[in-house]
Amino acid sequence: MAAKKLTRFEKARIIGARALQLSMGAVPQVDISKLGSIDPIDIAMLELKKNKMPLDVKRRTV
Amino acid sequence: MDIEKVEKVVKKKRTKFPEKLIYEIADAAERHDLNDKELDELVKEIKKANQRAGVENGEAVGTVAAQSVGEPGTQMTMRTFHYAGVAELNVTLGLPRLIEIVDARKKISTPTMGIYFDEEYSADEEFVRKIANRIGKIILNDILKDFNVNYANMNLSIEIDEDKVNDKRLEYDEIIAKIEKAFKKVEIDKNLLSFEPTITDPKHAIRELRLLADKVRDLQISGVKNIGKVVIRKEGAEWAIHTEGSNLGAVLKMEGVDKTRTSTNDIHEVEKVLGVEAARNAIIHEAQSTMEEQGLTVDVRHIMLVADMMTADGKVKSIGRHGISGEKASVLARASFEETGKHLLRASIRGEVDHLTGIIENIIIGQPIPLGTGSVGVIMKEKK
């Protein structure tokens, strides 16, 4: 579904949701040893960048 | 540079441009004599700029448009409420005019038309003057040389000024025909005409005679309905007519009139004669020229959004109580605007259901609003 480029709102929404999961103990899907940060938002952004994000956007059908 | 070539380059870059943009690119390429590589680069840059200019899904375009039109509007109030004369004609401008447009008034305060002519006639002053006199209102009083009320004989005699008739490019026979049709008791001897009143009661004879005198003087011998004064102006190499009052339907039927450029500032008339799409364009044009005339520039897209909202239903409707805000589907959205009690009471009597799809409803309820980040949902990706 997410064939089109994400809008900035979709990006923010998805990163926020993933960061919340990470902060509550979800296992990162990327190697974070080289990231130099344990901020869940940074990890979520890296996941998105590496295309390892386990979440997807659901666009409004209206 | 031909259009197809540009289209091919655009297709290669995997984008889609509006038709007008493609024509402009082709035009620019022609003017600057671009080679293939340069054209490629141009299209690439335009693609970037075009993407930057677009809005993303979920942006609050309505709010931005409201602010972008509203802020310059506050600037207008300070130096407004006076009329600026465009060549002897009074035209409402500034904030009052803008309010008129947004309210979609049926009767605007100063309807006016700009009439232009086809190429073959536009430089022909004689032709334009003739048309102008057919459009503009001319009454019998305008072409009189002499006017006498004779109380002894109980009649009135007038003399038509032939010079004035010629000057106004009128046909003498037509005038006479009009007079004969309007008044039964009339004797015609070339330029000298004499009228007799129909007296029912001898007591009111003088009054009848005076009434007849007024009637004779005010007899309209030429002109289109709803149009008053006309002004003929030379604009560059061509002649154009500007009118007080407006009747687009009748004027467009006249010979020699350029149907593509002749316009009116009455939006409802445009809708009636040419349809909603034309009305939409008229709203955009009127709103923008009103702002521009005040030295304020607003991005067209804001005005276009307003015009789109006003015409989306297939008929022009106003913004406000009787239009967009008053016809919203949600009870809560309507109640938050005006007449809160009335809407809530009516909705409860009818048992209306609110589906909470809009912004206002969700703010009232205290939920995240479907806008920006709030307009997207999150789901788990399926495992590959």
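I took two strands as paired if DSSP finds at least two bridges between them, and I took helices (H or I, at least four residues) and strands (E, at least two) as DSSP runs, numbered from the N terminus.

I noted that this is a predicted model, in which local features need pLDDT of at least 70, side-chain atom pairs count only at pLDDT 80 or more, and totals for chains, interfaces and linings use all residues. Residues are numbered from 1 along each chain as its sequence is written, while chains are lettered from A and ligands numbered from 1 in the order in which they are written.

**Chain A.** I found two helices and one strand in chain A, and from the N terminus on they run α-α-β. For pLDDT, the predictor's confidence in each residue from 0 to 100, I read an average of 86 for chain A, with 90% of the residues scoring at least 70. Among the elements of chain A, helix H1 (residues 8-23) has the highest mean, 93, and strand S1 (residues 55-59) the lowest, 87.

**Where the chains meet.** Counting two residues as in contact if their C-beta atoms, placed from the backbone, lie within 7 Å, I found 15 residues of chain A and 13 residues of chain B taking part. I then looked up strand S1 of chain A, which pairs in the antiparallel sense with strand S13 (residues 376-380) of chain B over five bridges; in this pairing Lys58(A) stands opposite Gly377(B).

**Chain B.** I looked up the domains, whose bounds come from an automatic or database domain assignment, and noted that 45 Å separate the centres of domain 1 and domain 4 of chain B, taken over C-alpha atoms.
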